Amino acid sequence: MTWNSYHRRGEVLATVAATAAARRDGVLPTDVAGVAETFRDELDLLGALQLRWHTRLAGRIDRELSAQPLDLEAAVVAAWVATARDLAGVRMVLDRATGEGAGEEADRMLGVAVTKERLMLAAMAGRSSFDDAASAAVGAAIEDRARATLAAEPADAPRPGAHAASSRPTLLDRLRAALAA
């Protein structure tokens, strides 16, 4: 893949994510300009959206853990909620594809992705260090808590800035204050 085709793929994927966010219907937006030329098929596009979600979630978890290192599970839940807010359309597409079934190959791909995400949630929350069914169940419970937290938010609630812990001083803020004193 050349740099231009890679860059074009990223632009088209960003447009797909924006379209999914605007529509909020959970339907994979295959009608976006450039999709047919950039992605092999719906599975390729769905996989790219899943990767975008996972990458954003992992980065957000890392930021939340650095800002809130004492309550690991709360940080992971906050990261999941913030990511779901940021990528609401993508989350809806993934949830719909997972819930309704998107074909045998897509179901297998999404099943693997969901399991890996749940293992990551459990591990990052400090609740597991193993790759097994019990760890996946712990991750599923954390995901359920995050979904319930998101669902309980009022629709007109103000969105936090860079991360969910933005109202609290970060470690960097505290270090700067200590150095200034």
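**Entry 1: Glu-73 and Arg-145**

I started with Glu-73 and Arg-145, whose side chains meet in a salt bridge with N to O at 3.1 Å. The model is a predicted one, so I read every distance here as a computed value. This pair links distant parts of the chain: Glu-73 sits in helix H4 and Arg-145 in helix H7 (residues 133-152), 72 residues apart. Buried or exposed, I wondered, for Glu-73? Glu-73 comes out at 17% relative accessibility and counts as buried, because the cut-off for buried is under 20%. Arg-145 is partly exposed, at 38%.

**Entry 2: Glu-153 and Arg-85**

Next I looked up Arg-85, which forms a salt bridge with Glu-153; their closest N and O atoms are 2.9 Å apart. Arg-85 belongs to helix H4, while Glu-153 is in the loop between H7 and helix H8 (171-180), and 68 residues separate the two. Arg-85 counts as buried at 17% relative accessibility. Glu-153, at 28%, counts as partly exposed.

**Entry 3: Asp-86 and Arg-60**

Then I went to Asp-86, which meets Arg-60 in a salt bridge (2.1 Å, N to O). Which parts does this pair tie together? Asp-86 lies in helix H4 and Arg-60 in helix H3 (residues 42-67), so the bridge ties together parts that are 26 residues apart in sequence. Arg-60 is buried, with a relative accessible area of 5%. Asp-86 is partly exposed at 30%.

**Entry 4: the overall tally**

How many salt bridges does the structure hold? I noted 12. Some share partners, and in that way Arg-91, Asp-95, Arg-118, Glu-143 and Arg-147 are joined into one network.

**Entry 5: H4 against H6**

I turned to how H4 packs. Two packed helices are described by the angle and the distance between their axes, so I looked up both. The axes of H4 (residues 72-86) and H6 (residues 104-124) come within 8 Å and cross at roughly 140 degrees. H4 and H6 are therefore oblique to each other, because roughly antiparallel would need an angle over 145.

Which residues make the contact? On the H4 side I listed Leu-72, Val-76 and Trp-80, and on the H6 side Glu-117, Leu-121 and Met-124. Of these contact residues, five are nonpolar, none is polar and one is charged.

**Entry 6: recap on H4**

Definitions and conventions:
Residues are numbered from 1 along each chain as its sequence is written. This is a predicted model: local features need pLDDT of at least 70, side-chain atom pairs count only at pLDDT 80 or more; totals for chains, interfaces and linings use all residues. Side-chain values use heavy atoms; hydrogens and water are left out. Axes are lines fitted to C-alpha atoms, for helices over the stretch in contact, and angles run from 0 to 180 degrees between N-to-C directions. Helices (H or I, at least four residues) and strands (E, at least two) are DSSP runs, numbered from the N terminus. Angles under 35 degrees count as roughly parallel, over 145 as roughly antiparallel, 65 to 115 as roughly perpendicular and the rest as oblique. Contact means heavy atoms within 4.5 Å. Ala, Val, Leu, Ile, Met, Phe, Trp, Tyr, Cys and Pro count as nonpolar, Asp, Glu, Lys and Arg as charged, and the others, Gly among them, as polar. A salt bridge is a side-chain nitrogen of Lys or Arg within 4 Å of a carboxyl oxygen of Asp or Glu. Buried means under 20% relative accessible area, exposed over 50%, partly exposed in between (1.4 Å probe, protein chains only).
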